[in-house]
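Colleague: Could you take me through this model step by step? I would like to begin with the terms.

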Amino acid sequence: MPAADDEYTHDNINIQEIRKDLYECAICKKTFLYKSWLALHITKHMEPTHFCEKCDHVFGRKDALKRHIQINTIKKDILDMNS
Ligand SMILES: [Zn+2]
Ligand SMILES: [Zn+2]
């Protein structure tokens, strides 16, 4: 096999590996070298976090917090009835 062809193949593999290692943000298509950098970046796209006043549970969405509070209220009502 000619040496030139061999080198060409190696170059192609290297380019593909570099591309594969990049993590792309699905929202703005920005690429990151490390998955943790992408994870940190994605939080910037998210809605502000919502905290439950009763148990400090964190929710990314307001409706999720609302549902959590409703479930907790129902649970509390059941506990109050039993006590
Ligand atoms: Zn992004
Ligand atoms: Zn809670």
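Modeller: Helices (H or I, at least four residues) and strands (E, at least two) are DSSP runs, numbered from the N terminus. This is a predicted model, in which local features need pLDDT of at least 70 and side-chain atom pairs count only at pLDDT 80 or more, while totals for chains, interfaces and linings use all residues. Residues are numbered from 1 along each chain as its sequence is written, and chains are lettered from A and ligands numbered from 1 in the order in which they are written.

Colleague: How many helices and strands does the chain have?

Modeller: The chain has 3 helices and 4 strands. Their order from the N terminus is α-β-β-α-β-β-α.

Colleague: What share of the residues is buried?

Modeller: A residue is buried if 20 or more other C-beta atoms lie within 10 Å of its own, exposed if 12 or fewer, and partly exposed in between, with C-beta atoms placed from the backbone. By that rule, 0% of the 83 residues of the chain are buried.

Colleague: What about helix α3, and what span should it have?

Modeller: Helix α3 covers residues 62-82, and its 21 residues should span 30 Å at 1.5 Å a residue; the expected span is 1.5 Å times one less than the number of residues. Its end C-alpha atoms are 31 Å apart, which agrees. The number of buried residues in α3 is 0, so the helix lies largely in the open.

Colleague: Moving on, where is cysteine 52, and what does it contact?

Modeller: Cysteine 52 sits in the loop between β3 (50-51) and β4 (58-59). It is partly exposed, because it has 14 C-beta neighbours inside 10 Å. Two residues are in contact if their C-beta atoms, placed from the backbone, lie within 7 Å. Beyond its neighbours within four places in sequence, cysteine 52 contacts His57, Leu65, His68 and Ile69. The C-alpha atoms of cysteine 52 and histidine 68 are separated by 8.1 Å.

Colleague: What is the phi of aspartate 56?

Modeller: Aspartate 56, in the loop between β3 and β4, has a positive phi of about 60 degrees although it is not a glycine. Most residues other than glycine have a negative phi.

Colleague: And is aspartate 56 buried or exposed?

Modeller: Aspartate 56 is exposed, because 7 other C-beta atoms lie within 10 Å.
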